[in-house]
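Here is a short briefing on one protein chain and the ligands it holds. Keep the structure open while you read.

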Amino acid sequence: MRREFLGSKPAPGRSLGLLRMAFLLGMACLLWGGDVLAEYGDIVINNYSDKAGMRPAIFPHWFHRIRFRCKVCHADLGFKFKAGGNEINMLKIIDGQFCGGCHNGEVAWSVENCDICHSGKPNTPTQVHGNTIQKLVK
Ligand code: HEC
Ligand code: HEC
Ligand code: HEC
């Protein structure tokens, strides 16, 4: 499947992008099955977690982007467009900032679900996860 895909003539512009995305998502599903939370495009946030003895936080960007407009997070909640660029910590989250703008038991489940966010493989550096081979969670 992979060879056929790579061997085929590139379609122009946009459709190639879509094909590539579909391919990567397909590969991701094949490699990971259904039991893990990280997939293509996820963001690993690990400025403080490892040092504090927590697994790195995983932010599934795609999952959120299909549910909310960019503006909700990047304007109203003030998330800068940079993986790891927001100095997020738990005090701020509990105070309703960043992830805590929604993960408050109203818009979405609340902070006591530590493991749903802190599900990264220990020692995974902050990054946008664009590599389908690399595995982020155990
Ligand atoms: C909605 C997602 C989310 C939930 C739920 C969550 N965290 Fe976090 N947490 C984060 C993010 C994002 C960071 C910043 C990660 C970084 O930069 O390392 C963070 C950072 C931390 C840090 C390091 C910074 C600090 O504040 O000391 C600790 C420790 C931590 N979390 C513990 C917890 C514990 C314990 C729970 C459950 C009671 C929890 N977290 C629940 C998202 C979450
Ligand atoms: C639910 C909240 C949310 C929504 C909705 C959202 N984003 Fe994000 N975005 C984030 C977070 C969180 C980060 C990572 C910030 C961090 O690590 O501190 C991020 C990071 C980014 C980055 C930087 C990635 C990098 O390469 O470092 C870009 C670009 C971006 N978002 C674009 C968008 C666009 C475009 C949309 C709408 C289609 C969107 N986002 C919707 C929360 C959101
Ligand atoms: C604009 C609102 C919003 C913000 C901001 C937000 N989330 Fe969420 N998040 C949601 C909603 C809604 C769900 C789905 C809840 C459900 O299924 O009950 C969700 C689900 C999740 C999930 C589970 C995804 C899955 O596959 O089920 C994770 C992990 C998560 N969020 C992490 C984070 C982290 C980390 C941050 C901050 C960096 C964050 N979220 C910020 C609204 C938000």
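**Around ligand 2**

β1, α3 (61-65) and α4 (70-76) each give at least two residues to the shell around ligand 2. Helices (H or I, at least four residues) and strands (E, at least two) are DSSP runs, numbered from the N terminus. This is a predicted model: local features need pLDDT of at least 70, side-chain atom pairs count only at pLDDT 80 or more, and totals for chains, interfaces and linings use all residues. Residues are numbered from 1 along each chain as its sequence is written, while chains are lettered from A and ligands numbered from 1 in the order in which they are written.

- The largest share of the shell around ligand 2 comes from α4, with 4 residues.
- Around ligand 2 there are 20 residues, and His64, Cys70, Cys73, Ala83 and Asn86 come nearest. A residue is near a molecule or strand if its C-beta atom, placed from the backbone, lies within 6 Å of it.
- This shell around ligand 2 divides into 12 nonpolar, 6 polar and 2 charged residues. Ala, Val, Leu, Ile, Met, Phe, Trp, Tyr, Cys and Pro count as nonpolar, Asp, Glu, Lys and Arg as charged, and the others, Gly among them, as polar.

- Ligand 1 has 22 residues around it; Asn47, Ser49, Asn89, Cys114 and Cys117 come nearest.
- α5 (90-94) and α6 (114-117) each supply at least two residues of the shell around ligand 1.
- That shell around ligand 1 has 14 nonpolar, 7 polar and 1 charged residues.
- Ligand 3 is surrounded by 22 residues, and the closest are Phe59, Cys99, Cys102, Ala108 and Cys117.
- β2, α3, α4 and α6 each supply at least two residues of the shell around ligand 3. The largest share, 3 residues, comes from β2.
- By class, the shell around ligand 3 has 18 nonpolar, 3 polar and 1 charged residues.

**Overall fold**

- The protein chain has 6 helices and 3 strands. Along the sequence they follow the pattern α-α-β-β-α-α-α-α-β.
- The 3 strands form an open sheet in the order β2-β1-β3, with antiparallel pairing. Two strands pair if DSSP finds at least two bridges between them.
- β2 and β3 (127-128) are the edge strands, each pairing on one side only.
- β1 and β3 run antiparallel, joined by 2 bridges. Val44 stands opposite Gln127 in β3.
- Strands of a sheet pair through backbone hydrogen bonds, either parallel or antiparallel.

**Core and contacts**

- Which residues make up the largest nonpolar core? They are Val44, Ile45, Ala57, Ile58, Phe59, Ile88, Phe98, Cys99 and Cys117, 9 residues in all. β1 (43-45) and β2 (57-59) each supply at least two residues of this core. Its largest share, 3 residues, comes from β2.
- A nonpolar core is a set of buried Ala, Val, Leu, Ile, Met, Phe, Trp, Tyr and Cys residues joined through C-beta atoms within 7 Å.
- Leaving aside its neighbours within four places in sequence, Phe98 is in contact with Leu77, Phe79, Asn86, Ile88, Lys92 and Ile93. Contact means C-beta atoms, placed from the backbone, within 7 Å.

- Buried residues make up 16% of the 138 residues in the protein chain. A residue is buried if 20 or more other C-beta atoms (placed from the backbone) lie within 10 Å of its own, exposed if 12 or fewer, and partly exposed in between.
- Is Asp115 buried or exposed? Asp115 is exposed because 9 other C-beta atoms lie within 10 Å. Asp115 is found in helix α6.

Conventions
Contact = placed C-beta atoms within 7 Å.
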